[in-house]
Amino acid sequence: MNPATKQIEINQPGAHLRLVSDRAGNAAPGITLAGVSKTYRSRDGDVPSLRPLDFHINEGEFFVVVGPSGCGKSTLLKMISGLVHDPKIMLMDEPFGALDAMTREKMNVELMRIQRETGKTVLLITHSIPEAVFLADRVLVMTERPGAIAAIYDVPLPRPRSLDAMADPAFTELVQRIRKHFFTQSALD
Ligand SMILES: Nc1ncnc2c1ncn2[C@@H]1O[C@H](COP(=O)(O)OP(=O)(O)OP(=O)(O)O)[C@@H](O)[C@H]1O
Ligand SMILES: [Mg+2]
């Protein structure tokens with residue numbers, strides 16, 4: 001393995017995650033997550049929370065995850081944060097969930113400014129589809145529990161983005177497309 005490639009692994013009954021961090025400037029530098037799965041063992045029996053998920057986060061990418069309540073988003077982030085000791089990646093679990101809508105928009109713009117200036121990779125979880133599309137380079141959409149990958153979408157909006165990006169037809173179209181994943185589900189906020 002290339003010396004610039006680091007591989008870390010959790011492999012326990014109920015939990016699996018392999019995380020490969022590659023800065024060697026290969027085809028896709030960044031972090032590859034392989035076979036991420038988790039089953040909580042509780043007194044009432046097993047709770048399968050994540051199916052094996054495989055995806056790649058590019059170096060410097062703004063990567064956002066949306067999915068229904070209880071599908072395993074926080075579980076996913078906690079498992080990754082247990083393995084990543086890399087200040088280059090910011091892991092954020094619904095950071096703006098408690099804010100009023102206008103403050104939230106300001107924080108979104110501020111977070112994008114920080115990301116642009118620092119070049120950090122961001123992995124962020126949100127319940128808000130518009131927030132996901134506004135912030136992300138790519139959006140990973142999860143299914144209901146046990147969470148699997150429903151789809152990964154590229155966001156075709158140029159950067160830097162201002163709030164005006166939300167008036168772009170490409171924005172509205174992608175928000176609608178992601179929303180369709182949840183039309184038959186009531187679990188999203
Ligand atoms: N310690 C635990 N023991 C048993 N089950 C658990 C435990 N922690 C989480 N779960 C279950 O695993 C599933 C995934 O939980 P998780 O918190 O990752 O979901 P989430 O997608 O972050 O949900 P939310 O959108 O509500 O934050 C849920 O059904 C939850 O009830
Ligand atoms: Mg959560």
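Ala, Val, Leu, Ile, Met, Phe, Trp, Tyr, Cys and Pro count here as nonpolar, Asp, Glu, Lys and Arg as charged, and the others, Gly among them, as polar. This is a predicted model: local features need pLDDT of at least 70, side-chain atom pairs count only at pLDDT 80 or more, and totals for chains, interfaces and linings use all residues. Residues are numbered from 1 along each chain as its sequence is written, while chains are lettered from A and ligands numbered from 1 in the order in which they are written.

**Stop 1: ligand 1.** Select its shell, where a residue is near if its C-beta atom, placed from the backbone, lies within 6 Å. There are 13 residues around ligand 1; Tyr40, Gly70, Lys73, Ser74 and Thr75 come nearest. Elements giving two or more residues are β3 (30-42), β4 (45-58) and α1. Helices (H or I, at least four residues) and strands (E, at least two) are DSSP runs, numbered from the N terminus. Helix α1 gives the most, three residues. Colour the shell by class: three nonpolar, eight polar, two charged.

**Stop 2: the sheet.** Show the five strands of the open sheet, in the order β6-β7-β5-β8-β9, with mixed pairing. Two strands pair if DSSP finds at least two bridges between them. Strands β6 (89-93) and β9 (149-154) stand at the edges with a single partner each, so one side of each lacks a neighbour in the sheet.

**Stop 3: inside the sheet.** Select 62-66 (β5) and 138-142 (β8): they pair in the parallel sense over four bridges. Val65 has Leu140 in β8 as its bridge partner.
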